Amino acid sequence: MKKKMILWALILFYSCYAPTKYPEKKLNKDEMAEIIADLAIYNQSYIVDDKINLDETDRFVLQKHNITTKDFQENYEFYTFTPSSLDEIFDKAKKIIRKKDPNLKFEN
């Protein structure tokens with residue numbers, strides 16, 4: 001009985017454990033915030049012209065920051081395992097956007 005309880009405890013422990021792969025090209029929170037702010041700004045371009053290809057704007061932003069899609073995805077996934085870090089990144093991104101357009105209003 002004791003062995004079964006230990007086995008179940010180990011299974012439960014490992015099922016809750018989410019291993020995070022450390023990104024090959026680690027971006028700090030400020031860099032991630034800059035990229036996310038730029039993505040948010042450039043992805044709003046469809047309001048001006050609905051023929052704009054959003055995939056191309058995403059590629060443009062990533063090239064501007066000298067990273068690949070894979071780098072961005074790995075870093076985003078890395079930060080999602082610590083929600084407080086992701087919240088901090090989004091707050092910094094909001095500040096960057098507000099600095100560029102002080103009259104902008106955010107919906108929470």
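This is a predicted model: local features need pLDDT of at least 70, side-chain atom pairs count only at pLDDT 80 or more; totals for chains, interfaces and linings use all residues.
1. Overall make-up. The protein contains 5 helices and 0 strands. Its pattern along the sequence is α-α-α-α-α.

2. Burial and surface. Of the protein's 108 residues, 24% count as buried. The accessible surface amounts to about 8500 Å², and carbon and sulfur atoms account for 58% of that area.

3. Contacts along the chain. When contacts between residues at least 6 apart in sequence are considered, 69% of them join residues at least 24 apart.

4. Helices H2 and H3, geometry. Helix H2 spans residues 29–42 and helix H3 spans residues 54–64. Their axes lie 10 Å apart, and the packing angle is about 150 degrees. Angles over 145 degrees count as roughly antiparallel, and H2 and H3 are therefore described as roughly antiparallel to each other. The crossing of H2 past H3 is right-handed.

5. Helices H2 and H3, residues. On the H2 side, the contact involves Ile-35, Asp-38, Leu-39 and Tyr-42. These residues meet Thr-57, Asp-58, Phe-60, Val-61, Leu-62 and Lys-64 of H3. Sorted by class, the contact of H2 with H3 comprises 6 nonpolar, 1 polar and 3 charged residues.

6. Helices H2 and H5, geometry. H2 also packs against helix H5, which covers residues 83–100. Here the angle is about 55 degrees and the axes are 8 Å apart. H2 and H5 are therefore oblique to each other, and their crossing is right-handed.

7. Helices H2 and H5, residues. H2 contributes Lys-29, Asp-30, Met-32, Ala-33, Glu-34, Ile-36, Ala-37, Asp-38, Ala-40 and Ile-41 to this contact. From H5 come Ser-85, Glu-88, Ile-89, Phe-90, Lys-92, Ala-93, Ile-96, Ile-97 and Lys-100. The residues in the contact of H2 with H5 fall into 11 nonpolar, 1 polar and 7 charged. Asp-38 of H2 is listed in the contact with H3 and also in the contact with H5.

8. Helices H4 and H5. Helix H4 is formed by residues 69–80, and its axis comes within 6 Å of the axis of H5, with a crossing angle of roughly 120 degrees. H4 is therefore oblique to H5. Tyr-76, Tyr-79 and Thr-80 of H4 meet Pro-83, Ser-85, Leu-86, Ile-89 and Phe-90 of H5. This contact of H4 with H5 has 6 nonpolar and 2 polar residues, with no charged residues.

Conventions. Residues are numbered from 1 along each chain as its sequence is written. Side-chain values use heavy atoms; hydrogens and water are left out. Axes are lines fitted to C-alpha atoms, for helices over the stretch in contact, and angles run from 0 to 180 degrees between N-to-C directions. Helices (H or I, at least four residues) and strands (E, at least two) are DSSP runs, numbered from the N terminus. Angles under 35 degrees count as roughly parallel, over 145 as roughly antiparallel, 65 to 115 as roughly perpendicular and the rest as oblique. A crossing is left-handed if the near helix is turned anticlockwise from the far one by less than a right angle, and right-handed if clockwise. Contact means heavy atoms within 4.5 Å. Ala, Val, Leu, Ile, Met, Phe, Trp, Tyr, Cys and Pro count as nonpolar, Asp, Glu, Lys and Arg as charged, and the others, Gly among them, as polar. Buried means under 20% relative accessible area, exposed over 50%, partly exposed in between (1.4 Å probe, protein chains only). Accessible areas come from the Shrake-Rupley method with a 1.4 Å probe; for residues, only the protein chains shown count as cover.
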